[in-house]
Each structure stands twice: as C-alpha cells, then as structure tokens.
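Good morning, and thank you for coming. I would ask you to keep the sequence and the model in view while I speak.

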Amino acid sequence: MIEYDEFDNKMILKLVYYGPALSGKTTNLLQLHDILEKQGRGDLTVLDTKNDRTIFFDLLPFFITAPSGLKIKLKVFTVPGQVRHDATRKAVLQRADGVAFIADSQLPEETNNFESFKNLEDNLRFVGLDIETLPLVVQFNKRDLKNIAGESDIRSVWGPTGIPVFLASALEGWGLLETFGRLVELTYEHTDRRYHLKEKHGLDKEMFVQRLTKRADETVRP
Amino acid sequence: MDDCKGIEYNGNIIGADKDIREIIKKSDIMPLFQSAAKTGISYIALEDPEGEVLYQCGDVSEFPSSSSLKKPLYLEGEIAAQIVMMWSDQKDDGFRDIIDLIFLSAEMVLKNKFRALLAIDTHKTVVNQSYEELLDTNRKLKQSENKYRELADSLEKTVQQRTEELKRAHAKILHQEKIVSVGQLAAGIAHEINNPLGFILSNINTFNQYVSRMKEMLVFYRGALEKGPDDNDRKRAEEKWKRHRLDFIFRDIDDLIKESLEGAERVKKIVSDIKGFSHIDEAYEVETDINKELDRTLNVLTHEIPDDAEIIKNYHSLPAFVCNPSDICQAFFNIILNALQTGMKGLKLIITTRRMTDHILISFSDNGPGVPEDTRGRIFEPFFTTKEVGKGTGMGLNVTYEVITSYGGTIEVESETGKGATFTILLPLTGEEVDV
C-alpha cells in the first residue's frame, strides 16, 4: 500500500504488471484503458518509452469512494521487463498490493518467463513482500500466436502453485479483463482483512470489483 | 506501512500522491499567464482544489463587470487544481476560442510536469536504491576484507613458522650432507688407516717374539757371569745366539721400528687431514687460505683418486678470504668428488685459482662426460640427482651453491656433452684482504 491516511480518509493501493520484456504488460494496460468505463479512472500515463519499450513504467489510475467516504485510489503500474532495468523494477514494486505476472506464451520464451518470475520472487523478498500472501495472478499472453505453450502444459505446471492462471491475447483484447478482475478481487480480500473495507467503510467485494472492471459499453461482450 | 519490511528509500514511494504545488511551480505557469494577459485576459489564476489561489496574473477588482470561467484540471482522474479566468464583457464570442486554448495549454503544462516529475522521482528512487545497495555491498566487502586481512595475518605467521621449520630442516640437511660425505670417505679412509695399522701390529708381534728371545739370551748370559763362564757356557751361548738368529733380529729391529713409525705417521697424517678438512675446531669464520683448503680437500679424497687420474694444481697466490673453512672445504669437496666419480679413464682435473680485481676465481675443469644441456639448469637444485635412486642425495652441488652464495659469490657451469665441464666460482673480495 502506497499510503493510508486516516485523517484525510484516503487510501492508495498499488498493482504491478510484472513479466519478461515484450510480454505485453503495456498492451494489457492500453487495452484496459480502452475497454473500461472512463468514469472513475484517469488516463493512462505512458512514461518515457523508447522504441515501444518501457523504460520507467506506465500508470493507469482508478478511484472509488466507499460509502463511508473513504477515497480509494488504485494505481496500476507496469515495470520495464528488460534485465538491465532491475533497479526500476525494485523501485516500482515497493509497497505493491498485488502483482499480475504477464508471461509470454511463445515456446522460445519459456526460459525468459522462468527467469523473470524468479526475478519477481527475488525482488519481492528485496522490498520486503511475501510472495505467499501477496495477491498474485499469472497471465499467459499472446495466445493468438502460433508456436505457443499448450494449455494443458501450462495448467500442469502452474496448477499445483495455486496461483490463478489466465490465458489471454492482449492484442485481441480478450482474457485481460479476467486477469485484472481476479487480481482486483484478491487485492480487495487482502486489503479487507487488514483494513476492514466492508465492516468499517461499507465497501464490499462485488461493489469494489464491479466499479473497477466496469466496461465502457457493458452491453458488448466478446 | 506495516506490511513493508524491506528497504525504504527516503519515503519516496513511486505512486505517492503529489500536491499541485509540488507539480507546478510559478515559473512553469507564469509564461502562459503572461501570454494570456496579452490576449486580453484581465485576470488568470491557478487555484488548488479547495480554491486557494496559488499563482495569478492581473487584478480581479480592475474590471467589476466581466465574464469569468472556473474550470478544473484533472490529474489521474481527479481534480488536481482549477483555472480561473476573467475577461471584459466587451469581448466578442470569438474570444471563447482563446479561453479554450489557454485552458488546454494549462492542462498540457500540468500533464507534462506530472510526467516529468514521475520520471525524476523514479530516477531518484533508482539512484538512491542503487546507492543504498552500493553502501550495502561496500559494507559486505569491508567485512570480507577484514576477514581476509585476519586470514592473511595468521597466514603470515604460519608462513614465518614454516619458513623457520624449513630453515631448520635445511640446516639439518646440510649437516647430514657433511656426514654423508664423511661416510662416503669412511670406507677409503678405513682402508688407508688399516694398511699401516696392519703392519704396525704385525711388526709389534714380531718385535714381541724378538724381545722374548733376547730376554732368554740375556738371562743365560747373566747366569753364566754369576758363576763365572766356562768354555761350555761359551759354546752354549754361541749355539743359542745362532739358534735365535740374533744377528738377523738386530738388523730387522731397525727396519721394524722404522716401518712402524712410518705407518704411525701415515695414520697420524690421515687423521690430521680429516680433522683439517672437517675443521672440527673452527666452527666460525676466519681468514682462510683458499689454496690450502683445496689441498686439504684433495688430501681427504686421495684414496678416491684413481691411479690413472691426473690432478693439475694451477694455484696462484690469493688474499685471505674470510669464511668458515669447513663450509668452503665442503663446497670444493662436492665439486671434486663429482669429477672423480664420473668413472672416466684417464681423468684430468685442472684446479685453477686466481686473484681477479675484486674477486677470487676458483675453477675446476675436467675432461669427463660433461653436464647434458637439459639438466644443466637444474644441477644446483636441491634433491636433483642423475645418479640411481639411493646412490646420490641430490644435495651435493646444492650445498656448494648454498655455501658460495652465502658468501655473496657465484657459481656457474660451462659444459659440452662429452667434452667435460668447468665449474667457475667467484668469491667477492671486500678490498681489505691481506695476502697470505
């Protein structure tokens, strides 16, 4: 959690889209920005990209006011995936409330996915976060491409970890809202356990998730 | 937050909310406000969400009857500030476009400043974090450096200890080498001593027999004298004299004594040579005549010199050299013995001594098989031997090397396989030597 100010009745949460370089983290946020209801969120800030590669991060802010008047901001970040930007990843990862790990489904990317996930584990430990309790979802992106890891293989590898796994094509715009929705859900549960969002502020999970994942055109479903 | 136990960097958390005052400074917005004033805006201001005026241009009271606009500026989907503008009622409808343009410009300034600030913050955080990590790395390096320093200290002690042990072991080996060379000599020396001792013993035995015959003769004479000798006595005395071959005995006694004395002298000389070579009484440095020490060494090696060998002493007068004569003899001994042990028929060994400007030169030249090129560089190494296992200690020339270098001297070998070898020793002179 970035900030919780009881006096100002304000809470700022941080979600981080992590993953190897070019796995589609920024595309995920761009699509969320396009798909989701404009009311209750800000614009996507794409910070310093060079040749379509993120150097710092992207930021998509949301905000909800709980019935109690508590203002909750949810800021979704991406990290740069390239190995050399590890310091930036650590900096962005600080005080994260939830992480979506965006893996590249293409078979040759298996090693990069593995190394990036290991890097996530190391950096979480570095910034003092516990991977066992931190809300975490995994998305296997680029399902629209050929030469990709089979779904059954992915399930057999990730199933035992208990981490929710989603298949998606950020480019075609499917699977990413489910990823985000589940992460938001887990983040609510995690935050509610400590800050009693429902009990003290009258904000329940359905309301929270519904507000954050409301599509701009609710009638159109893929 | 309490769920964050990791490293913190000056509370600079990426994503923390920023106040409008942090994002937009006066210098960021004033150029826009001044341009607005030029277009005919009578008053323009930036207010925080609560309505407090942060920066302004123009005066509200100047035009009491005027149109105005108050419009929020959004950041991250929330109102971050608002722009307030006032202008004269006389402006036409087209002026509205200018108002919109000014507002859009203000929005742009805010967005760009916000992005720049985020970038700067991230950069700062990364730099701070790298710095903290560097400090941490530095601290760890220091720790390990200390550890290694301690290790190095104790290592130095261990090395010193081992060096002492090695020195003692080396000294012991040098001592043993002396004993070994004496041992090598022992068989020959034993033979040398045994020979004269053998005939001295046999002579003494003979002499003992001669004495008992002479005693018998004397006893007979004394008895005859006491009672007064008669012709019979004289006859018996003559018989006895002849039977005991006393004429021969008297002649032989002289030879016996002369031979025995010579033998004893030989034994005495051998013992004295060994004593001289070993310098039992001189375990310290004295002024030494190198030529004399070479002779001593050759003396103890006499029995090792084959009959057909020729030793040529090409000595020149030398100044006294201050050294431990026992050591220097040992050094010569090992070189000479090596030459003698080549098993060469018709060995010729030339020993030359010469005074150079500031050195004493001693060279040993033989016509033996020489030192093969591949081993030439190693012959002074300890434990290096070309002899069969158990025959050589490999210490001989190493001892020579150690002794010569300990006096600041040098030793070199020149050799051609099959054409003999020349060992050249140079001992440095201090310039205070006196001729001997």
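Predicted model: local features only at pLDDT ≥ 70, side-chain atom pairs only at ≥ 80, totals over all residues.

A:K90 counts as buried because its relative accessibility is 10%, where buried means under 20% relative accessible area, exposed over 50%, and partly exposed in between (1.4 Å probe, protein chains only). The side chain of A:K90 meets that of B:E133 in a salt bridge, with N to O at 3.3 Å. A salt bridge here is a side-chain nitrogen of Lys or Arg within 4 Å of a carboxyl oxygen of Asp or Glu. This pair crosses between chains, from helix α2 of chain A to helix α3 (residues 95-227) of chain B. Helices (H or I, at least four residues) and strands (E, at least two) are DSSP runs, numbered from the N terminus.

Residues are numbered from 1 along each chain as its sequence is written, chains are lettered from A and ligands numbered from 1 in the order in which they are written, and side-chain values use heavy atoms, with hydrogens and water left out.

Helix α2 of chain A also holds A:T88. Is A:T88 buried or exposed? It counts as buried, because its relative accessibility is 5%. Leaving aside residues up to four places away in sequence, A:T88 touches A:I55, A:F56 and A:P80, and from the other chain B:T122 and B:V126. Contact means heavy atoms within 4.5 Å.

Let us now consider the interface as a whole. On chain A, 35 residues are in contact with 29 residues of chain B. The size of an interface is often given as the accessible area lost when the parts come together. The two chains bury about 2,800 Å² between them, 57% of it on carbon and sulfur atoms; this is the accessible area (1.4 Å probe) that two parts lose on being put together, summed over both. A:Q94, A:R95 and A:F126 supply 21% of the area that chain A buries against chain B, more than any other three residues.

A:K73 counts as buried because its relative accessibility is 8%. These residues belong to a network of salt bridges that links A:K10, A:K73, A:K75, B:D17, B:E76 and B:E78.

For contrast, I turn to a pair within chain B. B:K227 forms a salt bridge with B:D233, the closest N and O atoms being 2.6 Å apart. B:K227 is exposed, because its relative accessible area is 56%, whereas B:D233 is buried, with 6%.

Finally, please find helix α1 (residues 25-35) of chain A, which is mostly covered: eight of its 11 residues are buried. Among them are A:L29, A:L32 and A:I35. The buried residues of this helix pack against β2, β4, β5, β6 (98-104), β7 (136-141) and α5 of chain A.
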